[in-house]
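Here is my note on the model, point by point. Please read it with the structure open.

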Amino acid sequence: MNVKSESWDHYRTFLAVLEEGSLSGAARVLGLTQPTVGRHLDALDAASGTPLFLRTPRGLLPTETALQMKRHAETMAATAAALSRMASAASDEVKGTVRISASEVIGVEVLPPILAELQESHPGLSVELSLSDEVEDLLRREADIAVRMTAPRQEALLSRRAGAIPLGFYAHRRYLARHGTPQSLGDLDGHRLIGFDRELAYVRAIMKERPELAALDFSFRTDSNLAQLAAIRAGLGIGMCQRGLARRDKDLVGLLAGAPDLSLETYVVMHEDLKTTPRCRVAFDALVKGLLVYIAGE
């Protein structure tokens, strides 16, 4: 494959077509006309010497060449976004955009008051919050700062441990009234259990710490911690969640008081090259401070 140098706009269009599956969908997302999207793809087809998409009744399907190009185009997108954030800030002012990556439940339930205080103190600062339970790559600048539930391993990353967030088993009072209250892990047999579908990094950390939990049989599975928390709050069954979040709801009851303690080690991480960048430094410090307060309140 011999792809000539093309405009970044063309590759941005390429990624949008991959995501949307149609010229019209990509045009809508990018704010372009459909003919413009078509011209961008034609230019990339010509540069690569082969069609990148096949037209089918289900929409545009990527060819093998397109799939090979996808990762490189995503790297370009991350780099372009990082450059844009850098260009938005003066070197000696706390202004511009900082992109923060966090898990869904941390981003929705824990970070908002921390970020509100951060932006009150620094009104020139804009925040992009990327929520995913996958670990975004800070070395590739997919985010400036990340809140992670596992220890970082790359040497080029600067990290601060914020503490261990305690977890517990909880159920809604309504569920326990109907199905009884278990007193031990063994009593969970026969109960509806809420858990994960795939072993993401934080799940593997929990399983390493408490291998006996691997034997639990979940009747409701989801990789979204937010969905698990919502299911517990709805009375769907018994699940694990952060103790601090559970205490906010008077209808959630803590279970298995004698069970082994569980916790999520929590770190704030950024690329070491950003430690002297004012917008990233103040955001990093605010996240560490806010999470230390949150965890200390547990």
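1. Start at the surface. Val108, Leu129 and Leu131 make a nonpolar patch there, together exposing about 210 Å² of accessible area. Patches take residues with over 30% relative accessible area and no salt bridge, nonpolar side chains (Val, Leu, Ile, Met, Phe, Trp, Tyr) being joined within 5 Å and like charges within 9 Å. A salt bridge is a side-chain nitrogen of Lys or Arg within 4 Å of a carboxyl oxygen of Asp or Glu. Accessible areas come from the Shrake-Rupley method with a 1.4 Å probe, and for residues only the protein chains shown count as cover.

2. Leu129 sits in strand β4 (residues 125-131). Its relative accessible area is 34%, so Leu129 is partly exposed (buried is under 20%, exposed over 50%, partly exposed in between; 1.4 Å probe, protein chains only).

3. A note on the source. This is a predicted model: local features need pLDDT of at least 70, side-chain atom pairs count only at pLDDT 80 or more, and totals for chains, interfaces and linings use all residues. Residues are numbered from 1 along each chain as its sequence is written, and side-chain values use heavy atoms, without hydrogens and water.

4. Now the whole chain. The protein chain has 11 helices and 11 strands (DSSP runs numbered from the N terminus: helices are H or I, at least four residues; strands are E, at least two). Of its 298 residues, 46% are buried.

5. Leu287 touches Ile100, Leu111, Ile114, Leu115, Ile145, Val147 and Val268, leaving out residues up to four places away in sequence. Contact means heavy atoms within 4.5 Å.
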